[in-house]
Amino acid sequence: MTVRKAIFPAAGLGTRFLPVTKAQPKEMLPLVDKPTIQYGVEEAIASGIQEVIMVTGGGKRAIVDHFDRSVELEHYLQERGRADLLDILARVDRLSDEVVITYTQQKEPLGLGHAVWTARLLVEGEPCAVLLADDVILCETKPVLKQLIDAHAETGATVLAVRKVPPSQVSRYGIIATNGSRNGLHEVTDVVEKPIEADAPSDLAMLGRYVLAPAVFEELGHTDPGAGKEIQLTDAIKRTIGRHHVVALEFEGDYYDTGTVPGYLRANLMMAMKREELRGELAPLLRELLGD
Ligand code: UTP
C-alpha cells in the first residue's frame, strides 16, 4: 500500500534549548533562515506524501501560523515592492497547497510514541511515515523519506532509517540488532532504546525517519512508559518484531542533528557555509576566530 501520510510529532517541550523554547516551538528554530520543520515538510512533499499530520501541543501556535498565509505581511511587502521577499513567502505558502496539513493535539508530552499514537485516527489504518523535525537530512539524489518509502514498497515492512554511530554515542539513540542484510536492508531482530555502550547490539542508530506498518499503532495503544517515563516508539516497534517484518535502511544523505545545542550550532554553521552570500563573510571570520 502506498504511503500517503506523514506524521510530524512536534509537541515536545524542547527542554535542551531553554530558555529559547519557553514560548517558542523547538521545531521553529531556524537552520540559517528556514525552520527545521519546513525542511521536513519539503522532504515529505518531495517523497510523494499527500497529507501531513502535525502533532502539536501548548505553545505551538507558531507552527500553524508558519504554514498559513500572512495576508498582512504580504500586503506590507507588496506596498514596498519587495518581490524578492514575496517570493520567499509564496514558496512557504505553496507547501500547504501541495499537501494537506492537518493538526492534532497531544495534550501532555508523554513521549514520542504517545505523540504518534495521538495521530492514529487521522492515519486510518494505513502505513504511515514519521519525521522528526530536528533530524534534518538532505539528499540531492533521492529524499531520505522516499528511500524509506521505496523500501516499504519492496518489502511491506516497517522501515527504520539507520546510520552507524561511534560506540561512545550509542547511549543517545535507539539501536537495532540485525541478523544480516540483503539488498542494503538490515533484517531487524531487536531494537533497544538508549543502551549503555556495553549492551548495544550494534552501532546502527535509528534516526528521525520511519515508515510504520499499522501493527505499530496497535502496539502503541498498549505500550507502557519506558525509558525516561515516556511512551517510546521504539518499544512499540520492538513488540511487532517476530510477528511483522521490520527492516532498517542505511540511508544516503547529509544528516544534521539539530536537537542538541552543539549539533544545532554545527548544522547552522555548515548550512551557512554552503550559501555563497554568507560564506564570503563567514570564512574570514572563522579564520580570524581560529587565529589562522
Ligand atoms: P525530542 O525528545 O527530541 O524532543 O523528541 P523534546 O522532548 O521536545 O526535546 P528535549 O529532549 O526536551 O530537549 C523528538 C520529537 O518528538 C516530539 C518533539 O516535539 C520532537 O519534534 N515529541 C516528543 C512529541 O511530539 N511529544 C512528546 O511527548 C515528546
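Over the ring of which residue does the charged end of R120 sit? Select R120 and W117: the charged end of R120 sits over the ring of W117, 3.6 Å from its centre. Here a charge sits over a ring if NZ of Lys or CZ of Arg is within 6 Å of the ring centre and within 35 degrees of the ring normal.

The model is predicted: local features need pLDDT of at least 70 and side-chain atom pairs count only at pLDDT 80 or more, while totals for chains, interfaces and linings use all residues. Residues are numbered from 1 along each chain as its sequence is written, and side-chain values use heavy atoms, with hydrogens and water left out.

Next, select R80 and Y76. The charged end of R80 is placed over the ring of Y76, at 3.8 Å from its centre.

Now show the backbone of G14. One of its polar atoms is 2.8 Å from an oxygen atom of the ligand. For R16, a polar backbone atom likewise lies 2.8 Å from a ligand oxygen atom. The protein buries 86% of the 560 Å² that the ligand exposes when taken alone (accessible areas by the Shrake-Rupley method with a 1.4 Å probe; for residues, only the protein chains shown count as cover).

**The aromatic pair**

Select F17 and Y264. These residues form an edge-to-face aromatic pair, 5.5 Å centre to centre and with 85° between the planes (ring centres within 6.5 Å; planes under 30 degrees apart count as stacked, over 60 as edge-to-face and the rest as tilted). F17 lies in the loop between β1 (5–9) and β2 (30–31) and Y264 in helix α10 (residues 261–274), so the pair ties together parts that are 247 residues apart in sequence. Helices (H or I, at least four residues) and strands (E, at least two) are DSSP runs, numbered from the N terminus.

F17 is buried at 7% relative accessible area, and Y264 is buried at 15% (buried means under 20%, exposed over 50%, partly exposed in between).

**Helix α7**

Finally, select Q147 in helix α7 (residues 144–155). Q147 is buried, with a relative accessible area of 11%. A polar atom of its side chain lies 2.9 Å from the backbone nitrogen of E252.

Technical notes
Polar contact = N/O pair within 3.5 Å; in protein donor to acceptor, adjacent residues only side chain to side chain. Phe/Tyr/Trp six-rings, centres within 6.5 Å; stacked < 30°, edge-to-face > 60°. Buried < 20%, exposed > 50% of the residue type's maximum accessible area, 1.4 Å probe, protein only.
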